[in-house]
Amino acid sequence: MHLDLSPHLHTEECNILINLLKECHKNHSEFFGYCNDLDWEMRKCFKNEYMEKRTKSREHGNVMRKRLHNPPEESET
């Protein structure tokens, strides 16, 4: 079972691999392993996407924690 394969959720690179895998499955039976290489590449692409999102989220969390612990000092006017 794969993640949601909707195009708006993935990078262009992964969308190309998704489409190639779908075409492969149309032309060949899924049960004989003919499309396994494409499937592995697609999963590797999904993992890279996940790692990039995770890193970006972690960096954003660090920034937000710093803002919470060090609030800007308000100037008295």
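A residue is called buried when its relative accessible area is under 20%. Keep that cut-off in mind as we look around this predicted model.

**Two disulfides**

Let's start with the cysteines. A disulfide is a covalent bond between the sulfur atoms of two cysteines. How many disulfides does this structure have? The count comes to two. One of them joins Cys14 to Cys45, and the partners come from distant parts of the chain, 31 residues apart: Cys14 belongs to helix H1 (residues 12–27), while Cys45 belongs to helix H2. The other disulfide is formed by Cys24 and Cys35. Here Cys24 lies in helix H1 and Cys35 in the loop between H1 and H2, so this pair ties together parts that are eleven residues apart in sequence.

| Disulfide | S to S distance | Torsion about the S-S bond |
|---|---|---|
| Cys14 and Cys45 | 1.7 Å | -100 degrees |
| Cys24 and Cys35 | 1.9 Å | about -90 degrees |

The link of Cys14 and Cys45 is left-handed. The disulfide of Cys24 and Cys35 is left-handed because its torsion is about -90 degrees. If you number the bonded cysteines in sequence order, the pairing reads 1-4, 2-3.

**Buried or exposed?**

Now use the cut-off from the opening. Cys14 has 0% relative accessibility, so Cys14 counts as buried. Cys45, at 5%, counts as buried too. Turning to the other pair, Cys24 counts as buried because its relative accessibility is 9%, and Cys35 is buried with a relative accessible area of 5%. Setting aside neighbours within four places in sequence, Cys35 is in contact with Leu21, Cys24, His25 and His28.

In soluble globular proteins, nonpolar side chains tend to be buried together. Which residues make up the largest nonpolar core here? There are nine: Cys14, Leu17, Ile18, Leu21, Cys24, Cys35, Met42, Cys45 and Phe46. The elements giving two or more residues to this core are H1 and H2, and the largest share, five residues, comes from H1.

Finally, have a look at Glu49, which sits in helix H2 (residues 36–69). What does Glu49 touch beyond its neighbours within four places in sequence? Its contacts are Leu9, His10, Thr11 and Cys14.

Terms used:
Residues numbered from 1 in each chain as written. Predicted model: local features only at pLDDT ≥ 70, side-chain atom pairs only at ≥ 80, totals over all residues. Heavy atoms only, no water. Helix = DSSP H or I, 4+ residues; strand = E, 2+ residues; numbered from the N terminus. Contact = heavy atoms within 4.5 Å. Disulfide = S-S within 2.5 Å. Buried < 20%, exposed > 50% of the residue type's maximum accessible area, 1.4 Å probe, protein only. Core = buried A, V, L, I, M, F, W, Y, C linked by side-chain atoms within 4.5 Å.
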